[in-house]
2 protein chains.
Amino acid sequence: MVFQGDGNHDGIVSMESRRATIKDVAEAAGVGVATVSRVLSGGSASPETRERVLAVAAHLDYRPSALGRNLRQRRTGGMGLFVPDLTDTFYGQLAEGVLACARSAGEPVVLGSTGDDPEQEAELVGMLLEQSVDRVIAVPSGGAETWAPAIKAGMTVVFADRLPSDAPFDTPSDRDSVSRGVSDLMLLDGLPPASRGRPLEVPAVLADDRAGIRTAVRYLRGLGHRRIAFLGGPGHGRRVAAFREAVGAPVDEDLVVFATGSRDSAYAAASGLFQSRPDLTAVVTGGNVLGEAAVLAARELDLRVPRDVSLVMYDDVPWAELCSPPLTVIAQPGRDIGYRAAELVLRAGSRRPRSVLLPTELIVRGSCGPRH
Amino acid sequence: MVFQGDGNHDGIVSMESRRATIKDVAEAAGVGVATVSRVLSGGSASPETRERVLAVAAHLDYRPSALGRNLRQRRTGGMGLFVPDLTDTFYGQLAEGVLACARSAGEPVVLGSTGDDPEQEAELVGMLLEQSVDRVIAVPSGGAETWAPAIKAGMTVVFADRLPSDAPFDTPSDRDSVSRGVSDLMLLDGLPPASRGRPLEVPAVLADDRAGIRTAVRYLRGLGHRRIAFLGGPGHGRRVAAFREAVGAPVDEDLVVFATGSRDSAYAAASGLFQSRPDLTAVVTGGNVLGEAAVLAARELDLRVPRDVSLVMYDDVPWAELCSPPLTVIAQPGRDIGYRAAELVLRAGSRRPRSVLLPTELIVRGSCGPRH
DNA sequence: CACTTGCATGGATACGTTTTCAAGCATCTC
DNA sequence: GAGATGCTTGAAAACGTATCCATGCAAGTG
């Protein structure tokens with residue numbers, strides 16, 4: 001296969017085909033660079049000038065260099081996106097949502113995978129700072145101490161899917177708290193001038209974990225289950241809190257177990273749970289990786305789903321339907337979460353950003369049955 | 001939760017805490033900016049000067065601005081990464097590999113999702129050009145016509161997972177072709193000065209599709225299957241070619257069917273295949289999304305796997321093991337593909353990039369049985 | 001000593017843009 | 001007609017860095 005030239009069939013090949021700059025356009029159009037800049041960025045200009053500049057620009061195939069603009073405005077466009085693990089389908093969905101919004105705005109997005117490690121997350125924040133990218137949507141791994149520097153530096157950050165680990169997630173009224181703009185996330189010191197004097201809120205786009213978990217627990221209780229376990233991972237704080245609340249009364253602490261982010265750890269946690277508490281009859285997992293681990297561990301231990309153990313997994317992923325039995329899940333709109341977060345981070349400044357709580361849905365398939 | 005300041009507890013809050021520039025460092029250290037620049041980028045300087053500059057830089061918490069550097073060097077660091085769909089676990093793995101390599105090199109990566117649409121891909125290339133990002137690793141959706149402009153503009157591109165759609169993928173010796181550096185991908189015209197006179201090769205990092213498919217087909221034939229179908233999607237050209245070659249003789253054209261990138265289309269194709277050719281006994285799918293569709297369609301049509309139909313899926317994804325029966329797969333090292341591609345794109349220039357062919361592996365689980 | 005060589009150093013320039021500012025000009029108002 | 005008003009325009013000044021070049025100084029060479 002041969003890549004053809006683009007139609008530049010001059011006898012002499014123009015070797016140094018430097019990209020045209022605004023200066024070239026200005027000279028060719030017989031105007032000043034300022035005028036070109038104005039025309040191209042929608043400023044005022046006389047109709048004839050505008051037309052001439054536009055024509056020349058098109059003819060020279062001029063594309064403004066983001067480098068010059070960025071330096072001038074001391075900020076790089078676009079936004080950062082931090083997710084824990086792109087191998088987790090849910091974060092793939094979230095990322096697709098962000099990308100969709102960013103594309104429609106013509107903005108680039110620089111990606112970082114944190115591996116649920118606050119240290120890596122802090123490093124990535126540093127990289128954004130160096131690049132002068134001042135907007136980021138993050139599924140936070142670390143707590144306030146990793147995000148305070150970013151906010152102090154004037155970054156616009158929007159949290160997605162979860163809040164920093166040390167944010168209060170067990171407030172009585174999750175919905176209220178969130179609709180107030182995650183007002184607990186406040187920066188009272190070292191604010192940029194604009195927001196001086198009032199607390200800075202970091203907006204967040206979250207799924208209504210509390211409602212999702214509550215619905216799932218009620219569903220399981222309705223099936224007769226009493227010994228219900230929760231299998232969680234990093235960032236599932238709000239979910240486990242909702243679980244405790246939904247179960248009510250004192251919850252059996254052996255029945256809530258946590259894994260780290262890795263699949264191995266998830267499997268170990270699931271397997272350990274099943275072995276240490278063979279009397280449990282149902283499990284709710286805080287994410288799809290945990291759900292995967294639970295299915296695997298159950299199979300390994302010859303526990304039948306749903307006969308021996310009922311299973312509800314957080315996250316609706318395409319493969320949930322492939323399991324047998326197909327998994328009953330708490331669906332959250334991953335793509336929407338990403339899209340809305342990107343909208344928020346882009347609109348920040350013009351509109352006062354308000355946090356968003358998106359609905360979840362219990363999708364009943366075949367992994368839950370009556371207590372046996 | 002309150003974000004604390006970072007220890008700047010002066011009575012007077014320094015509102016305008018502009019980030020320190022190289023000029024600030026130079027003044028504070030009593031040297032010229034040129035010296036600071038040299039020290040920081042490893043140039044020569046006297047030991048005492050070096051130490052002083054370093055100390056001052058650390059004290060001022062100076063971080064060089066990528067903006068200034070980029071403009072000066074007329075290129076943005078980092079690399080672009082284009083994948084068709086992050087919802088596809090395989091591309092999630094690939095992206096994780098790229099990110100891992102990029103992180104260890106301290107380089108940012110800007111992400112694009114093409115949706116297997118050449119048009120969107122071309123737009124994204126345009127965005128990179130505008131950002132002066134001159135390196136990209138791509139899972140190409142379009143053909144030469146979408147990549148020629150990028151290469152003409154001097155970008156370093158590395159293909160991953162597949163080649164542009166109009167690249168010859170049915171050469172007799174895939175291995176040879178690839179190890180020669182995908183020499184079919186040549187640009188004979190409009191080269192940057194450095195490579196003038198010799199063809200420009202676009203390196204690629206691919207899995208050994210041919211071997212993978214061949215192994216799978218042989219395995220199925222060994223089980224007695226004769227009517228084997230292939231279910232492919234965008235970018236599976238090399239795989240279907242390998243399939244034809246492995247099946248040998250004239251292949252029944254009704255048995256190779258293609259879907260577009262969407263899950264709906266995949267399901268429709270799978271369902272259509274099963275219904276139009278109830279006599280087939282085995283299916284090989286070109287990717288995991290197609291595999292998912294095949295399982296779903298088979299279940300919907302009451303075809304039992306592997307009793308009624310045997311199934312081999314390309315891509316080993318975590319959920320392959322969750323299916324029942326667990327899916328027999330052709331595993332390709334997604335993460336490695338990404339990592340190697342990132343290495344290539346970063347090393348380009350110093351080393352002459354050579355393409356890479358990574359091994360595949362047939363992982364036999366439970367979705368294939370003897371012909372019935 | 002005269003001359004070259006080598007190295008550390010800093011001033012100046014350029015990278016491509018946006019934005020400020022003042023000037024030029026035409027039109028409107030009293 | 002004089003002044004005010006509004007619009008278009010271009011020169012110039014940043015933005016933060018890397019690098020070219022000239023300078024100064026010390027050491028080496030004849």
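Visitor: How many nonpolar, polar and charged residues does the surface near DNA strand C have?

Guide: That surface has 12 nonpolar, 11 polar and six charged residues. Ala, Val, Leu, Ile, Met, Phe, Trp, Tyr, Cys and Pro count as nonpolar, Asp, Glu, Lys and Arg as charged, and the others, Gly among them, as polar. This is a predicted model, in which local features need pLDDT of at least 70, side-chain atom pairs count only at pLDDT 80 or more, and totals for chains, interfaces and linings use all residues. Residues are numbered from 1 along each chain as its sequence is written, while chains are lettered from A and ligands numbered from 1 in the order in which they are written.

Visitor: What makes a residue count as near a strand, and which residues are closest to DNA strand C?

Guide: A residue is near if its C-beta atom, placed from the backbone, lies within 6 Å of the molecule or strand. DNA strand C is surrounded by 29 residues, and the closest are A:I22, A:G68, B:V31, B:G32 and B:S44. Two or more residues each come from helix 1 (22-29), helix 2 (33-40) and helix 4 (66-73) of chain A, and from helix 2 (33-40) and helix 4 (66-73) of chain B. Helix 4 of chain A gives the most, with six residues. Helices (H or I, at least four residues) and strands (E, at least two) are DSSP runs, numbered from the N terminus.

Visitor: Why are the buried residues of helix 2 of chain A said to line one face?

Guide: The buried residues in helix 2 of chain A are A:T35, A:V36 and A:V39. Seen down the axis of helix 2 of chain A, they fall within an arc of 100°, so they line one face of the helix. The arc is that of the directions from the helix axis to the C-beta atoms. An α-helix has 3.6 residues a turn, so residues three or four places apart point the same way.

Visitor: Why is helix 2 of chain A called roughly perpendicular to helix 3 of chain A?

Guide: The two helices pack at an angle of about 90°, with their axes 10 Å apart. Angles of 65 to 115 degrees count as roughly perpendicular, under 35 as roughly parallel, over 145 as roughly antiparallel and the rest as oblique, so helix 2 of chain A is roughly perpendicular to helix 3 of chain A. Axes are lines fitted to C-alpha atoms, for helices over the stretch in contact, and angles run from 0 to 180 degrees between N-to-C directions. Their contact has six nonpolar, two polar and one charged residues.

Visitor: What is the phi of A:D315, and what is that of B:D302?

Guide: A:D315 has a positive phi of about 90° although it is not a glycine. For B:D302, also a residue other than glycine, phi is positive and near 60°. Most residues other than glycine have a negative phi, and most peptide bonds are trans.

Visitor: Which residues does B:P318 touch?

Guide: B:P318 touches A:R263 and A:E292, not counting residues up to four places away in sequence. Contact requires C-beta atoms, placed from the backbone, within 7 Å.

Methods. A residue is buried if 20 or more other C-beta atoms lie within 10 Å of its own, exposed if 12 or fewer, and partly exposed in between; C-beta atoms are placed from the backbone. Two residues are in contact if their C-beta atoms, placed from the backbone, lie within 7 Å.
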